[in-house]
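Hi there,

Here is the structure I promised to pass on. My notes on its pockets and strands follow below.

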Amino acid sequence: MTITVRFAPSPTGYIHIGNTRTALFNWLFALKHNGQLILRFDDTDVERSKAEYAEATAADIDWLGIKPVRVEYQSKRFAFYDAAVAALKAAGVLYPCYETPEELERKRKLRLARRLPPVYGRDALKLTAEDRAKLEAEGHRPHWRFLLPNFKDDPFAPARTIVHWDDIVRGEETVDLASLSDPVLVREDGTYLYTLTSVVDDIDMGITHIIRGDDHVTNSGVQISIFEALGAKAPALGHHNLLTTVSGEGLSKRTGALSVGSLRRDGYEPMAVVSLAVLTGTSENVVAMPDMASLAAVFDPKATSKSSSKFDPAELDTLNRTLIHAMPFDVAAERLREMGIAGDKAEAFWLAVRGNLTRVADAALWWTVIQDGPVSDEPLAAEDRDFVAAAFDVLPQEPWNRETWKQWTEAVKTQSGRKGKPLFMPLRIALTGLASGPELADLLPLLGREGTLARRP
C-alpha cells in the first residue's frame with residue numbers, strides 16, 4: 001500500500017501559515033513513509049472560489065518545497081457526488097428536511113430550555129410523503145441530512161454511540177455520535193457540503209491518511225460514519241494543533257494575515273517558513289532546518305502540543321539569518337544576478353557580507369557600498385577627519401588580501417597612537433558610511449587600493 005495523503009484547501013483566498021502547517025504535516029508524513037500527496041481544491045463554492053487563488057496556492061506550496069503527485073478539482077467531480085448521494089438515499093440514511101434557519105434556531109432554544117442537548121431532533125423523519133409534497137408545492141426546497149447511526153431501533157431515541165480512532169497526532173480519540181446533530185450534506189440549492197465531497201474523494205483517490213487541524217476532531221465521528229455508509233473503511237486520522245497570531249487571534253484567508261505570499265514577498269527563505277510552521281508547538285527545538293529531508297527525519301506528529309501555538313514572525317528573522325549565513329554562493333547566485341550583483345567579485349562579495357544579512361535582498365546595500373561608495377547614514381565626526389586622512393597615507397601597497405586590513409591598522413596605530421574603537425570606527429565609517437557591517441578584512445580586498453583611496457575624506 002502506498003501512503004497517500006492530501007492537502008485540500010478551498011481557493012477562496014491566499015493560504016496562510018495555518019493552512020501551510022496542514023500542508024507540511026501531510027507532505028512530511030508522506031516523505032517519511034515514501035508516500036505521495038494529492039493537492040485537491042475544494043472549489044465547489046462557485047461564487048467564492050477563484051482560479052487566481054488556486055494558482056497562487058499551487059505556486060506557494062511549490063515555493064515551500066511541497067510537490068504533489070497531481071492536482072484535483074472538486075468542481076470537476078460532481079458525478080461522483082451525485083452517485084454517492086443516490087446511494088445514501090437508497091440506503092435510507094439521507095433524508096429531506098424543510099426547516100428554515102429561523103425554525104432550527106427556535107427548536108434549538110426550546111431543547112436547551114428543556115435541558116436537552118441542542119441537536120437536531122429529526123422532526124423531518126416524521127413527515128409523510130403527502131407532507132413533503134405539500135411543503136414543496138408551497139415553494140419549500142429540502143436540504144438533506146445524513147442519519148447518524150447513533151440509535152438501535154428508534155431514531156428518536158439516540159443512544160450513546162462511541163466512535164474510536166487512534167489519532168496520528170493526538171493518540172486515542174473518541175466521539176459520541178449521540179451528542180451530534182445529523183449533518184447536512186446537501187443544501188437547499190442542491191450544492192454539496194465538504195463533509196460529503198471530502199469523504200467521496202478520499203475513497204475514490206485512495207487516501208490512506210488524513211492529517212488536518214484539530215478543529216475537525218468532532219467532524220471525524222461523522223465522516224467515519226459516512227465512509228462506512230458508503231461501504232468504505234475510513235483512512236487513518238490525525239489532528240494537529242492550530243496556529244494563531246502572536247496576540248492569539250485565529251488566522252483567516254479573508255484577512256490575509258501571515259499569508260505565504262506575503263512572507264515570500266518579504267524575502268524569507270522557504271525553509272525558514274517551513275521550519276517555524278512545523279516545529280513551533282512541538283517538543284522539537286525551533287531551529288532552521290537546511291532542507292525538507294532533514295526536517296522529515298525529525299518530524300514526529302505525536303510530538304505536537306494539543307493546545308494552539310502562536311506563530312511569531314519575529315522568529316523568522318532569526319531562522320532566516322541562520323540559513324543565509326550558511327548559504328553557498330551557488331544557491332544565492334541567481335537572486336544576486338537579478339539585483340545586479342555579478343562578475344568576478346560576486347562570489348567573494350557574497351561570502352564577505354552574508355554573515356551580516358537577514359534576507360538575501362539586504363546584500364544590495366553592501367553592493368552599493370562596494371561599487372558606489374559609502375552611504376551617508378553615519379557621518380564622520382569632525383575630530384576624526386584629520387585622523388582618517390592621515391590613515392590613508394599609510395595604506396599598504398597591493399596586492400591586497402584578507403591580511404591587508406591588519407597590516408593597515410597596525411600602521412595606523414603606530415602612526416596615531418589610537419587603538420580599539422577610536423581607531424577602527426572612524427575607518428569603518430569612512431569606508432562604508434555605516435557604524436557596523438561585515439568584517440573590513442573581507443571588504444578591503446573588494447574595494448582595492450584605488451577604490452579605498454577614493455573614500456579619503
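Let me begin with the make-up of one lining: by class, the largest pocket is lined by 14 nonpolar, 20 polar and 11 charged residues. In that count, Ala, Val, Leu, Ile, Met, Phe, Trp, Tyr, Cys and Pro are nonpolar, Asp, Glu, Lys and Arg are charged, and the others, Gly among them, are polar.

Before going further, please note that this is a predicted model, in which local features need pLDDT of at least 70 and side-chain atom pairs count only at pLDDT 80 or more, while totals for chains, interfaces and linings use all residues. Residues are numbered from 1 along each chain as its sequence is written, and side-chain values use heavy atoms, with hydrogens and water left out.

**Pockets**

The largest pocket has a volume of about 1200 Å³. Ala 8, Ser 10, Tyr 194, Asp 215 and His 216 are the closest to its centre among the 45 residues that line it. Two or more lining residues come from each of β1 (4-7), α1 (17-32), α6 (194-204), β9 (209-213) and α7 (217-229), and α1 gives the most, with five.

The second largest pocket holds about 450 Å³ of space. Of its 24 lining residues, Arg 111, Val 119, Tyr 120, Gly 121 and Arg 122 lie nearest its centre. Helix α4 (residues 101-113) supplies the largest share of this lining, six residues. By class, the lining has 11 nonpolar, three polar and 10 charged residues.

For the cut-offs: on a 1 Å grid over the protein atoms alone, a pocket is an open set of points where a 1.4 Å probe fits, with protein on both sides within 12 Å along at least five of seven lines, and lining residues have an atom within 4 Å of a point. Points are joined across faces, edges and corners, and a volume is the space filled by probe spheres set on them.

**Strands**

Helices (H or I, at least four residues) and strands (E, at least two) are DSSP runs, numbered from the N terminus; two strands pair if DSSP finds at least two bridges between them.

An open, antiparallel sheet is formed by three strands in the order β4-β5-β8. Its edge strands, β4 (94-97) and β8 (184-186), each pair on one side only. Four bridges join β4 to β5 (residues 143-146), and Tyr 95 stands opposite Arg 145 in β5.

Elsewhere, β6 and β7 form a hairpin with three residues between them. Six bridges link antiparallel β6 (residues 162-167) and β7 (residues 171-176), with Trp 165 partnered by Glu 173 in β7.

Best wishes
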